[in-house]
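Please read them alongside the coordinates.

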Amino acid sequence: MAQATTLNEQPKTAGGDEPELTDGFHLVIDALKLNGLTTIYGVPGIPITDFGRMAQAEGIRVLSFRHEQNAGYAAAIAGFLTKKPGICLTVSAPGFLNGLTALAHATTNCYPMILISGSSEREVVDLQQGDYEEMDQLAIAKSLCKAAFRVLHAADIGIGVARAIRASVSGRPGGVYLDLPAKLFGQVMNAEAGRKSLVKVIDAAPAQIPAPSAIARALDVLKSAKRPLIILGKGAAYAQADEAIKALVEKSGVPFLPMSMAKGLLPDTHPQCAGAARSTVLKDSDVVMLIGARLNWLLSHGKGKAWGDAPKKFIQIDIEPKEMDSNVEIVAPVVGDIGSCVAALLDGMGAKWNAAPADWTGTVAAKREENVAKMAPRLMNNNNPMDYHGALGVLRTVIKERPDAILVNEGANTLDLTRGVIDMYKPRKRLDVGTWGVMGIGMGQCIAAAVETGKPVLAIEGDSAFGFSGMEVETICRYELPVCIVVFNNDGIYRGTDVNAVSKDPAPTVFVKGARYDKMMEAFGGVGVNATTPDELKRAVNAAMDSGRPTLINAVLDPAAGSESGRIGNLNPQSVLKKK
Ligand code: ADP
Ligand code: TPW
Ligand code: MG
């Protein structure tokens with residue numbers, strides 16, 4: 001253990017001057033800066049209020065939120081977008097707990113993030129003597145993240161921050177908790193010793209090169225396929241191996257299916273994209289190569305009705321060896337980082353690789369054209385009140401004309417239909433609810449997307465989904481971020497039409513009818529618009545995207561337009577007593 005912690009009695013310098021001192025506050029700031037971590041998302045309070053001020057004074061961008069959960073979601077998606085851990089800073093117990101949901105979310109989604117939380121004094125917490133905001137935070141965080149560390153001595157701050165960074169980004173990325181007790185911030189030590197105690201993390205996420213035998217095995221299986229399919233997941237988007245992935249897909253000629261946040265890795269309009277032929281390719285493929293996608297519930301666990309009866313062989317590329325065989329047998333596991341794996345596969349394919357069989361690619365293309373044609377007229381309707389397709393037809397064009405904009409999306413029908421309708425053209429432009437389908441990521445993602453990329457953001461939000469983080473419109477106005485929020489207001493969760501037949505209370509899924517979410521944005525100086533037709537919506541969104549001013553458009557939708565739970569109503573348990 002380092003001992004330089006308590007030292008108020010520093011050795012005098014040669015000239016007899018006072019030695020230069022530093023403290024816990026500045027060592028944490030310096031450790032973050034040394035590692036290129038220059039943005040913090042958080043909420044101030046004891047014991048980190050001054051820390052935020054000092055960090056700002058030292059050139060760190062500090063984004064102060066209205067609720068820690070939203071700051072945490074911002075940090076999590078910053079990690080996804082940048083491959084560096086997003087930093088969330090919270091106060092003790094309640095602030096920590098508010099941030100913890102986002103830390104667990106980051107871990108579940110494989111986003112690198114560090115939750116830094118102030119905490120009460122160990123001596124008091126461990127004896128449960130009732131300190132201000134007392135809680136054994138480290139113990140609670142442990143089960144919800146990849147790693148959890150506590151620093152007790154200023155001289156260990158450099159090591160603590162380095163360990164947190166490495167743990168979050170190496171291997172499968174995820175959330176890390178760093179516990180900093182209040183007393184640590186005020187600890188003083190010699191500045192030179194402090195500087196020396198800091199660690200610049202070298203090669204934080206080392207390349208993991210796949211075994212040549214694993215590559216050969218995977219290529220043999222792919223070569224044997226009559227009806228191959230490539231599934232791209234958000235791990236592939238995270239890896240930032242965009243050119244190599246495009247080359248692999250195009251050289252192989254294999255149809256590809258992007259998972260939600262992998263959309264745009266290759267454009268959804270690419271001739272090999274099978275997004276609009278999803279059920280056909282899942283059912284009829286014989287070899288499936290997964291690249292940074294898990295066979296979890298989002299892919300029906302790789303079995304059952306969605307995958308049809310024909311036997312399948314799975315090739316899986318993932319950095320996490322334990323992911324293999326998690327749901328079905330993986331005949332060709334390729335363990336390594338996606339950049340290295342895809343490069344090795346491309347190399348192994350050599351100069352003469354036979355593209356995927358033309359009868360299969362032709363079948364997939366025909367199915368896709370058929371489905372696209374079927375949807376086209378629905379997207380052009382100008383109904384009043386609007387339905388989802390009428391509104392999305394307009395927003396689809398907005399993204400087509402602005403492929404650099406970032407799309408944030410949450411809700412049920414609002415999520416499922418937006419994902420299906422809006423084509424993405426560039427990597428990491430679509431951010432959404434992720435693996436848990438969690439509501440509330442919206443405003444945190446908008447803020448981080450604008451801050452980290454400098455690009456305009458369009459958020460398409462269910463009215464329920466928006467409510468989980470709606471207060472952050474003030475944050476968006478305060479930092480003057482180029483965010484346009486469209487609330488699909490159908491008066492409730494899934495639909496606004498439920499009626500409670502037995503009392504005066506409203507049904508559990510409905511909200512105040514005719515609510516005006518646009519007024520929330522106006523309350524903080526942003527632009528609010530009430531749009532009742534696709535034409536009005538189009539004008540308002542274009543104006544917002546052109547001006548970059550914080551805007552909220554209340555898009556009035558037919559309350560009867562949606563369906564229960566969007567596309568996943570089948571996951572609802574059924575009661576035998578349920579009335580018909
Ligand atoms: P989706 O929801 O898009 O299907 P998942 O979150 O289920 O995607 O899967 C992402 C997978 O990508 C995880 O299993 C994770 O281990 C993997 N992954 C993340 N980053 C990398 C990387 N750089 N190289 C290889 N695999 C990665
Ligand atoms: C943290 C459960 C899933 S979808 C949804 C809820 C509450 C809202 C759907 O209504 P919305 O969309 O947003 O208005 P639309 O278009 O269908 O009307 N709590 C959390 N996460 C989840 N997923 C839920 C609850 C849920
Ligand atoms: Mg709704």
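1. The chain exposes about 24200 Å², and carbon and sulfur atoms supply 54% of that area. Accessible areas come from the Shrake-Rupley method with a 1.4 Å probe; for residues, only the protein chains shown count as cover. This is a predicted model, in which local features need pLDDT of at least 70 and side-chain atom pairs count only at pLDDT 80 or more, while totals for chains, interfaces and linings use all residues. Residues are numbered from 1 along each chain as its sequence is written, chains are lettered from A and ligands numbered from 1 in the order in which they are written, and side-chain values use heavy atoms, with hydrogens and water left out.

2. Overall dimensions. For 580 residues, a compact globule would have a radius of gyration near 25 Å, and the 26 Å of the chain agrees with this. The radius is taken over C-alpha atoms, and the globule rule is 2.2 Å times the number of residues to the power 0.38. Along the principal axes, the C-alpha atoms fill a box of roughly 85 × 65 × 50 Å.

3. Of the 580 residues in the chain, 55% are buried (under 20% relative accessible area; exposed is over 50%, partly exposed in between, with a 1.4 Å probe and protein chains only). Among contacts with a separation of 6 or more, 77% are between residues 24 or more positions apart; a contact means heavy atoms within 4.5 Å.

4. Secondary structure. The chain has 22 helices and 19 strands. These are DSSP runs numbered from the N terminus, helices being H or I of at least four residues and strands E of at least two.

5. The sheet of 6 strands. This open sheet has the order S3-S2-S4-S5-S7-S6, with parallel pairing; two strands pair if DSSP finds at least two bridges between them. Strands S3 (61-64) and S6 (147-150) are at the edges with a single partner strand each, so one side of each has no neighbour in the sheet. From one strand to the next, the twist averages 20 degrees. Strand S2 (residues 39-42) pairs with strand S4 (residues 86-90) in the parallel sense over 3 bridges, and Tyr-41 stands opposite Cys-88 in S4. S4 and S5 also run parallel, joined by 5 bridges.

6. Strand S5. How many residues of S5 are buried? The count is 7 of the 7, so S5 is largely enclosed by the rest of the structure. Met-113, Leu-115, Ser-117 and Ser-119 are buried on one side, and Ile-114, Ile-116 and Gly-118 are buried on the other. Met-113 lies in this strand and has a relative accessible area of 0%. Met-113 is the bridge partner of Gly-86.

7. Helix H4 (residues 93-109) lies across S4, strand S5 (113-119) and strand S7 (175-181), at about 160 degrees to S5. Helix H7 (residues 157-169) lies across S5, S6 and S7, at about 165 degrees to S7. Axes are lines fitted to C-alpha atoms, for helices over the stretch in contact, and angles run from 0 to 180 degrees between N-to-C directions.

8. The sheet of 5 strands. The order is S10-S9-S11-S12-S13, again open and parallel. Strands S10 (256-258) and S13 (332-335) are the edges; each has a single partner strand, so one side of each is without a neighbour in the sheet. Direction ignored, neighbouring strands are turned by 15 degrees against each other on average. Strand S12 (residues 313-318) pairs with S13 in the parallel sense over 4 bridges, with Val-334 in S13 as the bridge partner of Ile-317. Helix H10 (residues 212-223) packs on the sheet, touching strand S9 (228-232), strand S11 (287-291), S12 and S13, and makes about 140 degrees with S13. Helix H14 (residues 338-349) touches S11, S12 and S13, and makes about 130 degrees with S12.

9. Asp-463 lies in helix H19 (residues 463-467) and Gly-492 in the loop between strand S17 (483-489) and helix H21 (518-522), so the pair ties together parts that are 29 residues apart in sequence. Asp-463 is buried at 2% relative accessibility, and Gly-492 is buried at 3%.
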